[in-house]
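Visitor: I am new to reading protein structures. Could you take me through this one?

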Amino acid sequence: MRYHLSDIQQILGARWLQKPAADLLTEQLLFDSRSLATPANALFFALPGKHRDGHRFIPDLYAQGVRQFVVRQLPEPDLMPEAGFLQVEDPLEALQKLAAYHRSQFRIPVIGITGSNGKTVVKEWLAQLLSPDFDLVRSPKSYNSQIGAALSVWQMQERNTLAIFEAGISQTGEMERLERIIRPTIGVFTNLGAAHQEGFASEAEKLAEKMKLFAHADILVCESRWVQAPAPAQLFTWSKDGSPATLQVTSVEKRRNGGARVEATLTETGRTYTLQWPFSDDASLENALHCWLVLLLLKVPQEEIERRMQRLEPVEMRLEVKAAIHRCTLINDAYSNDLDSLRLALQFAHQQAGKGALTLILSDILQSGLPADQLWKSVADLIQTQKVTRLIGIGAEISAVQQWLPESVKRSFYAGTELFLSEINALEFREETILLKGARAFAFERIARRLEEKAHKTVLEVNLSALVHNLKTYQRLLQPGTRMMVMVKAEGYGAGSAQVAKLLEFHQVDYLGVAYADEGIALREAGVNLPILVLNPEPASFDVIQRYRLEPEVYSPELLDEIAAFASPDKPLAIHLKLDTGMHRLGFEPADIPALNARLRKFPHLRVASVFSHLAASDAPLHDDFTRAQAAAFSGMYQQIQEALGYQPLRHICNTGGIERWPEFHFDMVRLGIGLYGTGGPTVQHQLQVVNSLKATISQIKNIPAGDTVGYNRNSGLLTKPRRIATISIGYADGFLRLAGGGRYAVGIRGHRAPTLGNVCMDMTMVDITDIPEAQVGDEVTIFGQNPPVQDLAQCLQTIPYEVFTNVSDRVKRVYWQE
């Protein structure tokens, strides 16, 4: 679906305050100026807020290239002569109206999920379970608000065959607006809890309000106890207590390893099924049963359901389990804090603790909607039921729980997080399970950082915020209407392809590129739905390429014939033609084009999605004439192909260097690779941020006298004077190659550089810290990152950053973080 501002004016019934110089295409809906990605195609909705009015940011956005605005009043048009301004009474209502119109253009199954808890987990699990069968689109993160739902629905594209959206409300009157935006065909109601109770007169009112999401749904999936009369849709329910339901759970066996085995009978057929999944807490049981019913509705074979359920992965945005100080286990569930989420978290924590000690660090519970006595008595009951041995309360109100606590529960209370942190060292945490449960206002992430165990392992830190910044930096360089493919081959240049690909999908890149079919399959099984180009397809992989909706590169007549023989009118295939314009690696040469066109006419079941080539020296000014010749050859070959086809496939030739230096060759799409990770050319490098940081720790420090040697072979580690050396936890098996030894490279420790001593060992390396007297065992060591940069190590190893990144071993843990 493609919308110009003139189309949106008609959809909204908006008034033209000022028409733009050009009727631009709208791709990004923007309400937060910090999220700007593609200025030329962004439409900014100036939303008024309690603290900030979106109209204030219009001049800054105009200066950054935005030319399309939906406003309530016109802000100094003389200063923005090229901009288009649409006037509406309520910009938020206009955003929702546009999203609802966009939704109305699709005739695909749309799953709408609401409830007090579990919405995001069910959505993410359904995405994991259904991605092999559908090209699906889903709400990013927890985008379920009045704004988030609209932005989620705007992601829908013609290629999608299934959509999954969350809806969250906090007061009456909100769900009807979300229902118009999402308009689900399949509803999922997770549960009803105490969250946001203050916005409703009763639980019954809250339940009725949430059920309004399913006013036009065909089917509603839920636990049978939540069914209202009259039901808003045909019911597809489950039950554990024997009450009437579509699926009767007959037994639940919780395994010692943390998994669960569930038996259930389908009432209509009387057939009994057995499923297993790797979680045994009650919340996961509820979430998994909802997913099971949805998969049955969508006709997923039972054997596939069984296989996929066993491979479910946790949704870490909610609850994280980490090693903590003094052999403790930290359960961080500071995402929300209400009675129901506390109950579920305590059940999980009790399961983790087993017979060991369980400490609960709990903040005030804000906006529960309950009288104080009822609230804190309920909390005390949960503490006693789940066998909490110690309570640490933080906040002005939580001490009220004491009167209902049994004497066996140790307790201490602090007025705020700051006071607790100032006294944390006096508290004894040892060999126990710690549940961290706090409202966001209490900033419990600071407590988590203090309690987490300081890792002594080599890790590759991947800064996802920096990756998004770099993506937007290159997107701003694109010509209007140019699409972007991002290469995630070789495990995303070492950063982890699935994690990077999911983030790129959220930020709406158009294509992904991988080297081999196996990499594409892994992305599909991780829930990635973007079109994926496979650069090196093999005949043995054609079947899985078809099954997982991958799109192969075709670079030779022989490969084209093999793919044409595999495909058929009943199973057509999208392909990408590779042209050799001077790189001389793979591709059809100019002389091959007539024969290629003749073959393509014979194979109409092969749809050419794109035609592309590769610039050999896009970043080298010395070879600019050669680059121009490549582009000219490519254009000539493409013209012949598109005339023979009778349609126009996408054209792309620019890699990272080409995006920066050759805007005239951006064509229909570009391919971003190493630039995403912070390595670009001279005109853009200063705008990029470091994404990958390889870090080790100091394992031991020694003072070595002059005349001794350090490391293997003794020939490169002879000390001419006394030295203080540190052994660090990285070696050539981790990707820190031997060429970096013998003083040829210096790592970063406490802001200083420490040169290597002797040869790099398989698992360890020795460095000279004589001039860093403050260095201690356990200190962080930066191999590359902010300082030293990866370019320094690449120069030492006589290679390029690409190779340094891809050399990082699989045994090095990837740690992802986002600001």
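Visitor: Which handedness does the crossing of α4 and α8 have?
Guide: This is a predicted model. A crossing is right-handed if the near helix is turned clockwise from the far one by less than a right angle. For α4 and α8, the crossing is right-handed.

Visitor: Are α4 and α8 parallel, antiparallel, perpendicular or oblique?
Guide: Two packed helices are described by the angle between their axes and the distance between the axes. Helix α4 spans residues 119–130 and helix α8 spans residues 282–297. Their axes come within 10 Å and cross at roughly 45°. That makes α4, relative to α8, oblique.

Visitor: How many nonpolar, polar and charged residues does the contact of α4 with α8 have?
Guide: On the α4 side, the residues include V121, W125 and L129. On the α8 side, they include S284, A288 and V294. Sorted by class, the contact has no charged residues, three polar and 10 nonpolar.

Visitor: What kind of aromatic pair do W125 and F279 form?
Guide: Both residues are buried. Their ring centres lie 5.2 Å apart, with 20° between the planes. Planes under 30 degrees apart count as stacked. So the pair of W125 and F279 is stacked.

Visitor: How many residues apart in sequence are the parts that this pair ties together?
Guide: W125 lies in helix α4. F279 lies in the loop between β16 (271–277) and α8. The pair therefore ties together parts whose separation in sequence is 154 residues.

Visitor: Which residues do ring pairs link into a cluster?
Guide: The count of aromatic pairs comes to 17. Ring pairs link a cluster made of F634, Y638, W662, F665 and F667.

Conventions. Residues numbered from 1 in each chain as written. Predicted model: local features only at pLDDT ≥ 70, side-chain atom pairs only at ≥ 80, totals over all residues. Heavy atoms only, no water. Axes fitted to C-alpha atoms, helices over the stretch in contact; angles between N-to-C directions. Helix = DSSP H or I, 4+ residues; strand = E, 2+ residues; numbered from the N terminus. Parallel < 35°, antiparallel > 145°, perpendicular 65-115°, else oblique. Contact = heavy atoms within 4.5 Å. Nonpolar A, V, L, I, M, F, W, Y, C, P; charged D, E, K, R; others polar. Phe/Tyr/Trp six-rings, centres within 6.5 Å; stacked < 30°, edge-to-face > 60°. Buried < 20%, exposed > 50% of the residue type's maximum accessible area, 1.4 Å probe, protein only.
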